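Please open the structure in your viewer and keep the selection tool at hand.

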Amino acid sequence: MKIYNVADPNFRIYGQVLQGYDFTELLEKMKETPLPEDVVYEPSVEALEALPICKEFSDRGYGEMPIQIGYCNGNNHKLNALEYHRDSELNIAATDLILLLGRQEDVEEDYSYDTSKVEAFLLPKGVGVELFATTLHYAPCNADDGGFQDVVVLPKGTNYPLSGAHEAGGEDALLAATNKWLIGHEEGGLPEGSFLGLKGENLTI
């Protein structure tokens with residue numbers, strides 16, 4: 001599939017490139033985070049949140065809302081799933097990586113989604129983006145053989161275990177964690193009980 005750059009106009013329906021931030025300390029601290037053979041996600045990392053940029057993300061990026069800074073690192077070449085939140089997500093690439101993105105408006109009434117509508121974007125090392133709340137996304141993919149390291153900034157409390165069962169039907173079936181609605185692919189290796197609504201190929205980069 002064609003891989004665009006986040007600087008391409010095609011990206012503007014999914015998000016915007018962050019301007020005016022200095023990511024130097026953040027990227028240096030990310031060198032201390034693991035890079036496993038699979039994929040690891042940590043929603044909140046004290047060492048990252050202790051950096052001065054944390055307040056800047058809160059003040060500028062989220063209008064003084066409380067936030068968390070974590071990471072998603074590893075090796076991945078498949079789509080596997082798509083998720084969305086009720087808020088934007090910030091991603092800052094500590095290595096080159098590829099984002100597979102879709103639009104929530106293309107989700108069908110039964111919450112299925114055709115993977116042929118997904119587009120791929122290179123997020124170069126050192127560049128940060130805001131993904132709009134209506135942008136479907138999941139774990140990044142490798143841009144090369146070296147794996148990827150991605151800083152993930154979200155409203156505080158996102159992506160933690162749910163406190164109870166969600167059986168209201170409809171969109172409630174997609175809720176996989178706090179502030180996380182997930183549409184999985186049957187080949188995605190997701191936990192039992194995940195909503196499997198992705199139709200078509202489990203895209204590979």
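Which residues form one aromatic cluster? Select Tyr 4, Phe 11, Tyr 14 and Phe 121: together they make up that cluster. Before going further, note that this is a predicted model, in which local features need pLDDT of at least 70 and side-chain atom pairs count only at pLDDT 80 or more, while totals for chains, interfaces and linings use all residues. Residues are numbered from 1 along each chain as its sequence is written, and side-chain values use heavy atoms, with hydrogens and water left out.

**Stop 1: the aromatic rings**

Rings of Phe, Tyr and Trp (its six-membered ring) pair if their centres lie within 6.5 Å; planes under 30 degrees apart are stacked, over 60 edge-to-face, and the rest tilted. The count by this rule is 7 aromatic pairs. Show Phe 11 and Phe 121: the ring centres are 5.5 Å apart and the planes stand at 65 degrees, so this pair is edge-to-face. Phe 11 is in the loop between strand 1 (3-5) and strand 2, and Phe 121 is in strand 9 (residues 119-123), so the pair ties together parts that are 110 residues apart in sequence. Strands (E, at least two residues) and helices (H or I, at least four) are DSSP runs, numbered from the N terminus.

Buried or exposed: which is Tyr 14? Tyr 14 counts as buried, at 2% relative accessibility, and Phe 121 counts as buried at 0%. Buried means under 20% relative accessible area, exposed over 50%, and partly exposed in between (1.4 Å probe, protein chains only).

**Stop 2**

Switch to a cartoon view and find the open sheet of 6 strands, in the order 2-10-6-13-4-3 with antiparallel pairing. Two strands pair if DSSP finds at least two bridges between them. Strand 2 (15-17) and strand 3 (39-42) are the edge strands, each pairing on one side only. Inside the sheet, select strand 6 (residues 89-93) and strand 13 (residues 148-155), which run antiparallel and are joined by 4 bridges. Here Ile 92 stands opposite Val 151 of strand 13.

**Stop 3: charges over rings**

A charge sits over a ring if NZ of Lys or CZ of Arg is within 6 Å of the ring centre and within 35 degrees of the ring normal. Select Arg 60 and Tyr 21: the charged end of Arg 60 sits over the Tyr 21 ring, 4.0 Å from its centre. Finish with Arg 86, which lies over the face of Trp 181 at 4.0 Å from the ring centre.
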